[in-house]
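Here are my notes on the model you sent over. Have it open while you read, as I jump around a bit.

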Amino acid sequence: MTEIKNLKPECVWRNFHALTQVPRPSGHRDKIQQFLLDFAAKAGVEAFKDEAGNIVMRKPATPGMENRKGVIMQAHMDMVPQKSKDSAHNFETDPIETWIDGEWVKAKGTTLGADNGMGVAAILAVMEDKTLVHGPVEGLITADEETGMFGANDLPEGELHGDILLNLDSESWGHFCIGSAGGVDVTATLEYKEVPADSSDAAVRVVLKGLKGGHSGLEIHLGRANANKLMVRLVRDAVAELDARLATWHGGNMRNAIPFECETVLTLPKENVDELKAMAEEYRELFNSEFAGIENDIQLFVEDVDTPATEVPEDIQDNLIDAIYGCHNGVMRMIPSFPTVVETSSNLAIIEIGGGKAGIKILARGSRESYKEYIVTTLQSTFNMAGMRVETSGDYCGWDPNTQSEILHLITTEYKELFGEEAHVVVDHAGLECSIILGKYPHLDVVSFGPTIRSPHTTGERCLISTIEPFWTLLTKTLENIPVK
């Protein structure tokens with residue numbers, strides 16, 4: 001059986017395989033940081049960890065290339081830790097198990113980490129290769145991109161020396177990104193005093209699963225179902241028609257992933273349990289009908305459980321359900337000048353209710369600041385009406401396109417010469433660290449590109465094998481032809 005480290009080009013796949021052996025979920029930096037520093041020492045290149053937890057590597061120009069513009073290759077070290085319900089994987093200790101499925105590399109029951117491990121692997125391949133021709137190069141491998149772009153936000157000014165930034169975090173080969181959306185985390189919280197559940201009531205766990213989920217920027221326009229938004233429809237009807245009460249709610253686990261699973265525990269009169277099960281079956285059929293052609297097999301079922309000791313007070317419950325029902329989710333607006341690209345969206349990512357606390361997390365995105373502010377205010381208004389405290393954090397601005405970019409012209413010209421087809425110049429709705437880095441280094445000329453990766457942030461994440469070799473060829477050819485300073 002072929003291992004991924006034996007795929008071509010060997011230099012990239014070998015380094016990616018090495019990354020899969022190092023636990024690196026967001027928020028757990030130590031092992032991956034030490035791995036990168038040890039790698040640099042072995043490769044004989046300068047490297048250090050900065051005060052933000054980023055790793056910076058520097059490699060001098062090859063002889064005769066000292067007068068070329070400096071290039072910063074940038075990727076992020078962390079990965080989204082999603083796993084299937086039946087997986088025993090521990091992201092803090094276990095390596096990722098990869099396998100080859102035809103044209104794709106996938107992981108067994110977890111995210112693959114090609115987002116953004118492939119970008120990191122390419123940087124490492126450049127750093128260790130003594131045969132490449134290039135000007136001065138730097139590798140910037142940022143920390144905790146997936147949970148709030150903390151490494152980029154805290155990047156010290158004056159640390160980087162380059163003139164060009166090649167971001168290696170795009171996920172459609174042949175597409176060259178010159179702009180991206182900004183984003184902001186919206187968190188609504190509420191503390192309440194639980195009330196005793198009626199001991200004569202029955203209790204059930206309502207489980208909704210089987211959704212595709214996906215990246216809340218790259219795939220928000222695909223119309224995939226949001227587990228929290230589906231669940232609230234059933235819960236609201238159960239409360240209104242069957243005297244149900246909400247005890248707990250757990251839906252979603254990553255701020256930048258469309259939630260693909262959700263569970264609630266409800267109490268209700270024993271004589272209404274069968275009606276609730278029938279209602280759930282009707283909703284299961286309805287959801288599969290509504291999302292036919294988008295979702296494959298939405299599962300919704302009810303399990304009997306022991307009656308909990310406490311539940312959410314009725315008035316608090318009703319306000320929370322109304323707020324979840326009314327919360328904007330999905331695309332709000334497309335870019336008028338790029339009508340196929342999402343301008344503004346929100347993702348109702350995480351809901352945790354129980355134990356006297358309610359917490360709701362949403363990632364709002366927008367490439368136009370005024371509309372990003374508008375959607376944030378929309379969300380704030382919704383949850384304020386439910387009596388919740390609403391806070392924002394991790395705000396980052398969008399990246400404005402520069403169609404006159406010198407590096408864009410060079411790399412798209414190289415692409416056509418190498419592969420005989422026109423490059424696609426795009427603006428993405430996903431948040432890229434380019435906008436934040438540009439805020440600290442406004443002189444940089446920036447473009448983002450990468451191999452084809454699909455369904456990042458989900459257990460279906462996969463990397464198209466055939467795109468790695470041309471990606472590596474274009475990267476090294478571009479480094480070879482960087483203009484003089």
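1. Let's start with burial. Of the 485 residues in the protein, 58% are buried (under 20% relative accessible area; over 50% is exposed, and in between is partly exposed, with a 1.4 Å probe and protein chains only). Keep in mind that this is a predicted model, where local features need pLDDT of at least 70, side-chain atom pairs count only at pLDDT 80 or more, and totals for chains, interfaces and linings use all residues. Residues are numbered from 1 along each chain as its sequence is written, and side-chain values use heavy atoms, leaving out hydrogens and water.

2. On the overall build, I count 11 helices and 25 strands (DSSP runs numbered from the N terminus: H or I of at least four residues for helices, E of at least two for strands). The radius of gyration is 24 Å, close to the 23 Å from the globule rule for 485 residues, so the protein is as compact as a globular protein of that length (taken over C-alpha atoms; the rule is 2.2 Å times the number of residues to the power 0.38). The C-alpha trace spans about 85 × 50 × 40 Å along its principal axes.

3. Now the largest pocket, at about 530 Å³. A pocket here is an open set of points on a 1 Å grid over the protein atoms alone, with protein on both sides within 12 Å along at least five of seven lines; a cavity is a set where a 1.4 Å probe fits but cannot get out, and lining residues have an atom within 4 Å of a point. Points are joined across faces, edges and corners, and a volume is the space filled by probe spheres set on them. Of the 24 lining residues, Ser172, His175, Leu218, His221 and Asp428 lie nearest the centre of the pocket. Strand 8 (175–180), strand 19 (338–354), strand 22 (424–428) and strand 24 (453–454) each give two or more residues to this lining.

4. There are also two cavities of 30 Å³ or more. The largest cavity holds about 180 Å³, and among its 20 lining residues Glu145, Asp169, His215, Ala430 and Gly431 are closest to the centre. Its lining divides into six nonpolar, six polar and eight charged residues (Ala, Val, Leu, Ile, Met, Phe, Trp, Tyr, Cys and Pro are nonpolar; Asp, Glu, Lys and Arg are charged; the others, Gly among them, are polar). The lining of the largest pocket has 10 nonpolar, eight polar and six charged residues.

5. Which peptide bonds are cis? One joins Lys8 and Pro9, with omega about -5°, and Pro9 sits in the segment before helix 1 (10–20). Another runs from Asp115 to Asn116, with omega near 5°; Asn116 is in helix 3 (residues 114–128). Have a look at both, since most peptide bonds are trans.

6. Next, phi. Asp144 has a positive value of about 50° without being a glycine; you'll find Asp144 in the loop between strand 6 (137–142) and helix 4 (150–153). Asp243, in the loop between helix 5 (227–242) and strand 13 (245–251), has a positive phi near 60°. Buried or exposed? Asp144 counts as buried because its relative accessibility is 7%, while Asp243, at 52%, counts as exposed.

7. Last, Thr62, in the loop between strand 2 (55–59) and strand 3 (71–76). Thr62 has 16% relative accessibility, so it counts as buried. Beyond neighbours within four places in sequence, Thr62 is in contact with Leu132, Val133 and His134 (heavy atoms within 4.5 Å).
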